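Good morning, and thank you for joining this group meeting.

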Amino acid sequence: MDMEQAEQLYRLMFTNMREGLAILRLDVRDPEAMPLIIEMNPAAVKLCQCRSFNFGNCRVTDCFPGWLEAEGFRETCHRIAAFGGSQELGEVSYEGHFYRIRVFALTEEHLGFVISDCTKYRQEEEKIAQLNARLEYEAATLERRVAERTSQLEEINEELDTFAFSVSHDLRAPIRAMHAFAEILLDDEFQSPAERNAYLVRIKTAAQGMDRLIQDLLAYSRVSRQEITLEPVSLQQAVRDASQQLELASGGKGYRIEVAGDLPDVIAHHTVLVQVLLNLMTNGIKFVPKGVVPLLRIWAEDSGEYCRLYIQDNGIGIGIPPQHQERIFKIFERLHSIESYPGTGVGLAIVRKAVQRLGGHIGLESQEGEGSRFWIELKKEQ
């Protein structure tokens, strides 16, 4: 290939390059001299803002105003002209596009000036940055969910440990009693019929207590594991149904119930809600001094997006000291002997577990000797 053909090919390449190309001339004898453009390809001409461009008198900073810091660019060009090499001059934004600029040495007095459109790279970088931000958000969300789930599992494990210990302890009590009375019956042949009958009654009572305990444990297990579909439920109807069941559960014990005002609809599960109300109402008529006719007052109050339902005894119940008010919701926790107030110590644990499954909250207000006021909060039906 002769020189003329090579020159034609290089000229074609220079003209058709998508990058903006310019050839600069620098008076290296004058340190204060600014580089002047002596030639540009069409891609660079499109970006040039100098209307009087004549390939000989225009400075780079005049053709591309605001793209370069004049003094810094002059020093860079003199240094590259003296020592060779190239340097990236950074990135500029112009009419919605981003351009990267590079200058490099050609001869002792000439420099190459390259303008590369990097808009697509910037757009890709922005997409990558957005994806990274999204990934970080998803990772943080996942990490938070894992932490919440871990906390729930730790709570469940702790509850299971307590449950297993309590079950083994409380279930063994009636078994020990039945075993002891049975041994007495077998070992003592000289007991009177009345004495033997008394021991048999005690064995029967222990068996009945064990049966109640197992039934309560099964109820606790059911409310913990059963599938529950939350839907609008009439609180008025739930209280009515619980009151009817209380008549059967009370065993003929006298009591009164007063329901104040209309009760709203809530988001719950009807059967589970009736069980909650029945347990609370049963406690309300049970834990009162002997000789007192229990009176239950029931009413509802608005609490933002929730409805708070109160069940209060008549103020002369035995009450619960503040230091025991959290404890009573734990399984097998009893504040009184079984002789004073029969029960298994599972009822309120069932209530709390059920209210949690309904997405609600439970609490009480009580003072020792002044009765108790239990409340449950459930989301209102909109």
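I shall begin with the chain as a whole, then turn to the strands, the helices and the cores.

Please note that this is a predicted model, in which local features need pLDDT of at least 70 and side-chain atom pairs count only at pLDDT 80 or more, while totals for chains, interfaces and linings use all residues. Residues are numbered from 1 along each chain as its sequence is written, and side-chain values use heavy atoms, with hydrogens and water left out.

The chain holds 9 helices and 12 strands; these are DSSP runs numbered from the N terminus, with helices being H or I of at least four residues and strands E of at least two. Its radius of gyration is 44 Å, well over the 21 Å that the globule rule gives for 382 residues, so the chain is more spread out than a compact globule. That radius is taken over C-alpha atoms, and the globule rule is 2.2 Å times the number of residues to the power 0.38. Along the principal axes, the C-alpha atoms fill a box of roughly 135 × 55 × 35 Å. Of the 382 residues, 36% count as buried, where buried means under 20% relative accessible area, exposed over 50%, and partly exposed in between, with a 1.4 Å probe and protein chains only.

Let us consider the strands. Strand S1 (residues 20-25) is joined to strand S5 (residues 110-117) by 6 bridges, and the two run antiparallel. Within this pair, Gly 20 has Ile 115 as its bridge partner. S1 also pairs with strand S2 (residues 36-40), again in the antiparallel sense, over 4 bridges; here Ile 23 is partnered by Glu 39. Two strands are said to pair if DSSP finds at least two bridges between them.

Further along, an open sheet of 5 strands has the order S7-S9-S10-S12-S11, with mixed pairing. Its edge strands are S7 (256-259) and S11 (361-366), each of which pairs on one side only. From one strand to the next, the twist averages 20 degrees. Inside this sheet, S10 (residues 306-312) and S12 (residues 372-379) run antiparallel and are joined by 7 bridges, with Gln 312 standing opposite Arg 373.

Which helices lie across these strands? Helix H7 (residues 235-249) lies across S7, S9 and S10, at about 175 degrees to S7. Helix H8 (residues 270-286) lies across S7, S9, S10 and S12, at about 170 degrees to S12. Axes are lines fitted to C-alpha atoms, for helices over the stretch in contact, and angles run from 0 to 180 degrees between N-to-C directions.

I come now to the cores. A nonpolar core is a set of buried Ala, Val, Leu, Ile, Met, Phe, Trp, Tyr and Cys residues joined through side-chain atoms within 4.5 Å. The largest has 54 residues, and those with the most contacts inside it include Leu 280, Phe 374 and Ile 376. H8 gives the most to this core, with 9 residues. Beyond its neighbours within four places in sequence, Leu 280 is in contact (heavy atoms within 4.5 Å) with Ile 311, Leu 348, Val 351, Phe 374 and Ile 376. A second, separate core of 27 residues includes Met 40, Leu 68, Phe 73 and Ile 115.

Finally, Ile 156 lies in helix H5 (residues 119-187). Ile 156 is partly exposed, with a relative accessible area of 40%.
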